[in-house]
Amino acid sequence: MIINITKVILNNLYKIILIVFITNHLLLSNNNHQYYNSLNNISQQINISKTHGENFSKLLVQDEQGRIKPINSLALDLLRKIHKKSYIGNINANQWIISIHQNSLFWASVPFIKVDKTGGKTFLHKVKSNKDGYVSMIDLYYFNKTQSKFMFLFQKDYELAFSKDPAKRNNYDKAVINLSEKLGILHGILQGKYLRIFPIKNDNNHTWSSWIITNNNNYYDNKINTIGFIMFNHYLRSLFKSQYANNWNYADNEVKKIKLYQIKYAQSILPSNRKIDMEILYNKLNIFYLLPFIYLCTGILLIIYSFYNIFYENKYINYFYNFLSLIIFLSFLLELFGLILRWYIAEHPPWSNGYESAIFISWCLIVIGLLFYKNKFVLGITSLCSFILLIIASGDIMDPEITHLVPVLKSHWLIIHVAIITSSYGFFFTGSVIGLFVLILHILYNYNENYRQIIDLKIRQLTIINEISITIGLFLLTIGTFLGSIWANISWGRYWSWDPKETWALITIMIYACILHLRLIPSISKNILIFNCSSMFAILSIIMTYFGVNYYLSGLHSYAKGDPIFIPYWIYLYLCILGGISIFSFYSNKYNNKINHNKNIVINNMK
């Protein structure tokens, strides 16, 4: 009887809590509500020891894909999705995950849900976020008198936005869906969806659960995990006891009991203590979040130095270049360490999805810059390219969460085929940006008669490096595509199926092959501008192969497919700028040739 009553309460727990949230919110005065708007000293309100938070974060949890990982990874993943940061005020993710399970009522009143400002004025006016762009859970509900129940503030907007084709959603629709997803995560926390820390006894699939064994098909058919419910209840009671007595041994002891329970019933699938420590270290270092800023600053300074070096020679400035190069080299080693660490944790190469391939290509770009270290432009160019890729990887488009591989990727071909293909992209990106800088230098060449000799030398050097980069990239892409066909035969029973990914890889090979063979055409071979301009725009085929196919087309490579993304307006602006630079470069070259021709005529006449 007690179990049945408890089951009913738990099945409707988040609804009961939600009603209490909103009712309590309506009774609060404005002054009391404003108190929670300051997140700077929130640790005083939750009173969770950081040391205990670290102990709790080492407990293992099973995610929805079945991967066993420390709670620290779960807490960071959830907090970053909701709050867009790894901390709230002066508390970390470990303290937050404990506190939100201990005191859900409190966190419902705290404005820590990040609002997407790109939703527009209508969205921001309706959501009424604070000055920092955050809103609380209770602010997102209102009481519907007609239906006599509390409803989500954007319920109708969400239904309308969700019914649209993803490619046709505007910024308002995306902001509403994004906010709904964050609210869904909070509901999942209240329902015990994420804290799956209790292995189910004698389960052949090694399934873990929280205090509730959820049924994904029917929420109301959930079952109580009796042992998990009792153990977690004891843990919550120990939290209150530790807070009252200021002695965290009580809570630490309950954590030890849960850990022993995990060892007893799931020892065969538990990761080693070293792997747990390495994953927590990986989370703390947050290498791929730090590196973009380093690459941006050093890249800009290197480009400025490279242009300065054309007009002025200074040995002290050369020391500065060596210092920046050393920073790039150390960053390269740090990124390599991050990739190896992720490989060790995930137990598969770190280029199996969009996020991992982006960070791998960014590392390859730095390798290319170091290979052509003697040319001062190249290292700065590759640093900026690496920055762009890491920024894209850390955005909303890609998910940095470590996951299991889908069956088709569980092959040694992943290491060979995908590594070769993605590394070729690094060479093509380098060639594209080099082509842009050659056009810029050519403009300087036409309007700076005093420095034409050294500028011409730089142009020829960069063109040679561009040709080498494209040659290596084309070689790698061709070999990678050939090896991919062998993998396709093993996985799908045929070497080639004209899948969108395969088709665009072939198109890219043909485009770059044509660019390399331009030098064999007599009327074009001597025109450096045509080659560099072609290499600059050819990157669009790589972008289509890398992003477009994954997000807009479906096929046998749909394991990497995501929701279609809205093409930002700045991309069109960027293409217009590239087109403008190209036109101006060709025009200035033609104008300069005309002036030189007239000068030669005058000189010949004088003779």
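**Close-up 1. An aromatic cluster in the predicted model.** In this predicted model, one aromatic cluster is formed by Phe-329, Phe-332, Trp-343, Trp-351, Phe-360 and Trp-363. A search of the whole structure finds 29 aromatic pairs.

**Close-up 2. The aromatic pair of Trp-496 and Trp-498.** A pair of aromatic rings is described by the distance of the centres and the angle of the planes. For Trp-496 and Trp-498 the centres are 5.7 Å apart and the planes make an angle of 85 degrees, so the pair counts as edge-to-face, for which the angle has to be over 60 degrees. Trp-496 is partly exposed, with 28% relative accessible area, whereas Trp-498, at 58%, is exposed.

**Close-up 3. Charged ends over tyrosine rings.** Lys-275 places its charged end over the ring of Tyr-344, at 5.3 Å from the ring centre. The charged end of Arg-452 sits over the ring of Tyr-445, likewise with 5.3 Å to its centre.

**Close-up 4. A nonpolar patch on the surface.** The patch is formed by Ile-300, Leu-301, Ile-304, Phe-320 and Phe-323, which together have about 440 Å² of accessible area. Helices α15 (287-311) and α16 (315-346) each supply at least two of its residues, and α15 gives the most, with three. Leu-301 lies in helix α15 and is partly exposed, because its relative accessible area of 36% falls between the limits of 20% and 50%.

How values were computed. Residues are numbered from 1 along each chain as its sequence is written. This is a predicted model: local features need pLDDT of at least 70, side-chain atom pairs count only at pLDDT 80 or more; totals for chains, interfaces and linings use all residues. Side-chain values use heavy atoms; hydrogens and water are left out. Patches are made of residues with over 30% relative accessible area and no salt bridge: like charges are joined within 9 Å, nonpolar side chains (Val, Leu, Ile, Met, Phe, Trp, Tyr) within 5 Å. Accessible areas come from the Shrake-Rupley method with a 1.4 Å probe; for residues, only the protein chains shown count as cover. A salt bridge is a side-chain nitrogen of Lys or Arg within 4 Å of a carboxyl oxygen of Asp or Glu. Helices (H or I, at least four residues) and strands (E, at least two) are DSSP runs, numbered from the N terminus. Buried means under 20% relative accessible area, exposed over 50%, partly exposed in between (1.4 Å probe, protein chains only). Rings of Phe, Tyr and Trp (its six-membered ring) pair if their centres lie within 6.5 Å; planes under 30 degrees apart count as stacked, over 60 as edge-to-face and the rest as tilted. A charge sits over a ring if NZ of Lys or CZ of Arg is within 6 Å of the ring centre and within 35 degrees of the ring normal.
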